[in-house]
Amino acid sequence: MNSEPRNTLPTWAPRVTQREIRRLYETDAKGVHDEELIDEAGYGLLARCLSSIDAAEAVRGKARCPQCSGIVTHMGRREELLRCKCGWELTWGDYFKTMQHMQLLGAEPVLIEFRSFVQAFPAARTPQEKTILIDQLIHQFHWYCKTNAPTRPVAVNLIEGRLSEVVAFLDSLSRGDRSTAGVAENYAQWDRLIEVNRDWYASRRKPNTKPAS
Ligand SMILES: [Zn+2]
């Protein structure tokens, strides 16, 4: 018989470390394509995206069983017992608690980006393709649907740190003439969208942290 406890808690991939991302950009800015570094960062981000997608599905009533990966449907009532065919069971309240304060949840437009990264990254053939996929992913924004304006950077869901730290971190990454083509353009767009939100970011991005262009 299965010796695992019946009420195993789900686990979620952590955000990637700033160190992993920094090393990737430092190397890339020298024109060096270190596949090991790229894959380490890329698959860390991919695992994180998958956790976000699973968390969003769980909130919508389709929770993934942490024991067999099967899907258990539920109505979202706190006391409701989720029961899987494999014998696993847990209340929805206890399941939900594991994903709180994890920076896991994003709205549909972000999930579309995450799903696309999950498909595209393993299929990318060259280190440059992989690098630019990572670059695009971490410079995305959440969009406020009522005004169609950018809000929080998606990076806070993917990279360790508080919002202000993550904004400063992305501003500080090494980028140069030898960086992969597209990196400079993605940064220019990021910079523009952060500035569009200047009021919102007033306390989060000091004017003097913006590198001269
Ligand atoms: Zn199961």
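Predicted model: local features only at pLDDT ≥ 70, side-chain atom pairs only at ≥ 80, totals over all residues.
**Exercise 1.** Find how helix α2 and helix α4 are arranged relative to each other, and which residues meet.

*Solution.* Let's begin with a general idea: a pair of packed helices is described by the angle between their axes and the distance between those axes.
Step 1: α2 covers residues 35–59 and α4 covers residues 108–123; they pack at about 140°, and their axes are 9 Å apart.
Step 2: Angles over 145 degrees count as roughly antiparallel. The helices α2 and α4 are therefore oblique to each other.
Step 3: The crossing of α2 past α4 is left-handed.

**Exercise 2.** Work out which residues hold the zinc ion and what geometry the site has.

*Solution.* Step 1: The protein donors are the SG atoms of Cys65, Cys68, Cys84 and Cys86, lying 2.3 Å from the zinc ion.
Step 1: Along the chain, these donors follow the spacing C-x2-C-x15-C-x1-C.
Step 2: The angles among the four donor atoms are 101 to 115°, and the site is tetrahedral.

**Exercise 3.** Describe the packing of helix α7 and helix α8.

*Solution.* Step 1: α7 (residues 163–172) packs with α8 (residues 183–196) at about 145°, with axes 11 Å apart.
Step 1: α7 passes α8 in a left-handed crossing.
Step 2: From α7, Val167, Leu170 and Asp171 meet Tyr187, Trp190 and Ile194 of α8.
Step 3: The residues of this contact are five nonpolar, no polar and one charged.

Technical notes: Residues numbered from 1 in each chain as written. Heavy atoms only, no water. Axes fitted to C-alpha atoms, helices over the stretch in contact; angles between N-to-C directions. Helix = DSSP H or I, 4+ residues; strand = E, 2+ residues; numbered from the N terminus. Parallel < 35°, antiparallel > 145°, perpendicular 65-115°, else oblique. Left-handed = near helix turned anticlockwise from the far one by under 90°. Contact = heavy atoms within 4.5 Å. Donors = N, O, S within 2.8 Å, 3.2 Å for Na, K, Ca; no water. Tetrahedral: all angles 85-135°; square planar, octahedral: opposite > 155°, others 65-115°. Nonpolar A, V, L, I, M, F, W, Y, C, P; charged D, E, K, R; others polar.
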